[in-house]
Amino acid sequence: MSDTYSPALPLSSGLTPWPPETAARYRASGYWDGRTLGGLLRDWTAAYGPRLAVVGGGTRLTYRQLDERADRMAAGLADLGIAPGDRVLVQLPNVPAFPVLFFALARLGAVPVLTLPAHRITEIGHLARLSGAVAYVIADEAAGFDYRTLAGQVREQAPELSHVLVAGDPGPYRALESVDAEPRAHREPDSGDVALLLVSGGTTGVPKLIPRTHDDYGYNARASAEACELDAGTVYLAALPIAHNFPLACPGMLGTLAVGGTVVLAPSPAPDAAFPLIAAERVTHTALVPPLIPLWLGTAEWDDTDLSSLRVLQAGGSKLSAEVAREVPRQLGCVVQQVFGMAEGLLNYTRSDDPADIVETTQGRPLSGDDELRIVDAEGRDVAPGETGELLVRGPYTLRGYYRAPEVNATAFTADGYYCSGDLARQLPSGHLVVEGRVKDTIDRHGESVSAEEVETHVRAHPAIAACAAVGLTDPARGEQICAVVVPAAGAAAPTLPELRAFLIARGVAAFKLPDRIAAVGEFPLTAIGKVDKRALTARLAAPAD
Ligand code: OOB
């Protein structure tokens with residue numbers, strides 16, 4: 001499907017537009033303000049020019065310097081022949097070259113395809129072909145991996161990839177630093193054009209591309225900065241890979257720049273990289289995926305780095321347990337904010353004035369007054385208020401179709417434009433959502449469909465268990481057996497299966513939901529952004545027929 005597209009498609013190609021009357025409403029409401037991302041950097045530079053915009057790897061850029069560098073790189077890219085609408089694969093770690101390139105492409109109207117440093121030939125080869133990218137921008141090497149070698153493989157698979165640009169030692173390719181020319185005017189893209197392509201976060205199948213427009217992404221960042229109460233004093237640490245929607249624009253880098261704050265780029269989210277930056281730059285805000293949080297809490301117990309500037313730790317990407325949420329203020333001295341978001345659009349945040357139990361036990365409420373949510377049963381009918389079902393959404397920053405994916409789009413969207421998230425959720429009267437798992441993350445045991453998330457919540461309550469992922473393993477007798485894969489709590493030994501089952505029975509868990517097997521691991525395999533990778537986990541475990 002994807003490979004039949006020619007790279008030379010018109011600018012708007014790949015975008016499923018909002019219906020004209022809906023688009024008119026979003027413009028009239030001021031959500032879509034007609035600015036491009038490149039134009040926004042001009043506005044921010046006019047407002048905050050001499051302030052510090054970006055810090056990373058020994059480089060410190062003011063807004064004015066960032067603006068100038070983006071202009072110079074845009075001119076250099078144009079000299080290479082990169083034109084409005086061209087797709088450019090971007091695979092950079094958290095380095096200042098990322099924001100410079102991001103805004104340079106925005107000014108040209110070229111479209112970054114934002115891949116993550118952990119992606120390899122399977123994903124990058126697919127995304128190169130799907131997007132028809134003309135250029136691929138990499139670092140020479142990062143975290144012990146040489147991206148120039150990967151570039152050689154990608155070029156074999158994607159002949160229209162004419163340029164490989166390297167931040168650092170270019171090897172046989174061109175240095176990104178040399179992509180530099182006297183600034184000149186470029187035709188400004190339309191704010192309704194695709195500004196960037198995000199990679200979908202799913203752990204099943206090959207990644208999909210999510211078109212985000214200048215209008216919708218600008219709103220995403222601006223409204224997020226407002227909901228999260230960022231201001232010019234905000235120092236945001238981008239600890240997660242910056243090409244992911246969460247640290248990029250929720251509110252992340254773009255939201256911080258929108259209010260005159262400073263973005264600090266960490267080479268890794270590990271405490272040994274992040275903690276010294278928090279102390280040195282007086283970081284106020286950062287964002288993590290939940291699997292990293294126990295590591296931060298554990299390190300903060302003995303590490304005496306000064307984290308006192310930290311005010312907000314955002315947690316999102318997968319479900320944060322209430323127990324860990326409660327620990328954050330005690331151990332890090334900052335508040336926790338839950339974020340339930342998706343590259344496809346919809347964002348939910350807990351707010352600073354939410355009561356503690358809402359912050360600890362819900363995944364937040366929608367960002368926009370015009371986010372339209374439905375929660376439906378397997379037949380697509382609305383469930384009763386408060387019941388769990390699949391979350392559907394449409395709104396001013398939620399996509400109407402994946403990029404060049406007509407077959408997927410036929411099932412991932414309703415006829416009236418709602419995105420079917422695949423997430424199971426319920427909504428409280430306050431509007432806050434509680435995520436209850438994924439529609440497809442169920443274990444079919446003896447004909448009963450058991451929610452993996454539900455099993456995990458109960459198993460995690462065991463005092464000797466720090467984390468749990470429940471997976472279904474093929475079992476001839478039961479269809480699937482429930483395997484509780486656990487990480488034991490520090491200094492504890494995992495319970496035996498009979499002990500765990502007795503514990504769950506005492507909690508009142510129904511017999512058909514009890515694990516058939518327990519497997520203790522030191523750590524879980526993780527996806528490119530750091531969520532537990534259940535597909536990899538399942539593949540690791542051979543199901544014994546007991
Ligand atoms: C974020 O975006 P993606 O695109 O990597 O993944 C989206 C999916 C959601 O559909 C949901 O299944 C899961 O990740 N998810 C959560 C969650 N946040 C995301 N599940 C439970 N609790 C949460 N808090 O992951 C993302 C994008 C922007 C901001 C934050 C996260």
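A pocket, on a 1 Å grid over the protein atoms alone, is an open set of points with protein on both sides within 12 Å along at least five of seven lines, whereas a cavity is a set of points where a 1.4 Å probe fits but cannot get out; lining residues have an atom within 4 Å of a point. The model is predicted: local features need pLDDT of at least 70, side-chain atom pairs count only at pLDDT 80 or more, and totals for chains, interfaces and linings use all residues. Residues are numbered from 1 along each chain as its sequence is written, and side-chain values use heavy atoms, with hydrogens and water left out.

**View 1. The second largest pocket.** This pocket is lined by 25 residues, and Arg69, Val95, Pro96, Ala97 and Ala167 lie nearest its centre. Two or more lining residues come from each of H3, H4, strand E6 (141–142) and strand E8 (163–167); helices (H or I, at least four residues) and strands (E, at least two) are DSSP runs numbered from the N terminus. H3 supplies the largest share, three residues. The space in the pocket is about 560 Å³, a volume being the space filled by probe spheres set on grid points, which are joined across faces, edges and corners. Its lining comprises 14 nonpolar, five polar and six charged residues; Ala, Val, Leu, Ile, Met, Phe, Trp, Tyr, Cys and Pro count as nonpolar, Asp, Glu, Lys and Arg as charged, and the others, Gly among them, as polar.

**View 2. The crossing of helices H3 and H4.** The axes of H3 (residues 63–79) and H4 (residues 97–108) come within 8 Å and cross at roughly 60°. Axes are lines fitted to C-alpha atoms, for helices over the stretch in contact, and angles run from 0 to 180 degrees between N-to-C directions. H3 and H4 are therefore oblique to each other; angles under 35 degrees count as roughly parallel, over 145 as roughly antiparallel, 65 to 115 as roughly perpendicular and the rest as oblique. The crossing of H3 with H4 is right-handed, meaning that the near helix is turned clockwise from the far one by less than a right angle, with anticlockwise counting as left-handed.

**View 3. The crossing of helices H5 and H6.** H5 (residues 121–131) and H6 (residues 147–157) have axes that come within 9 Å and cross at roughly 40°. H5 is therefore oblique to H6, and their crossing is right-handed. H5 contributes Ile121, Ile124, Gly125, Ala128 and Arg129 to the contact, while H6 contributes Leu150, Gln153, Val154 and Gln157. Five of these residues are nonpolar, three polar and one charged.

**View 4. The second largest cavity.** Glu454, Val455, His458, Leu504, Val509, Lys513 and Pro515 form its lining, to which helix H15 (residues 452–460) gives the most, with three residues. By class, four lining residues are nonpolar, one is polar and two are charged.

**View 5. Backbone geometry in two loops.** Most residues other than glycine have a negative phi, and most peptide bonds are trans. Cys250 and Pro251 are joined by a cis peptide bond with omega about -15°; Pro251 is in the loop between helix H8 (245–249) and helix H9 (252–258). Glu229, which is not a glycine, has a positive phi of about 60° and lies in the loop between helix H7 (214–227) and strand E12 (235–238).

How values were computed
Contact means heavy atoms within 4.5 Å.
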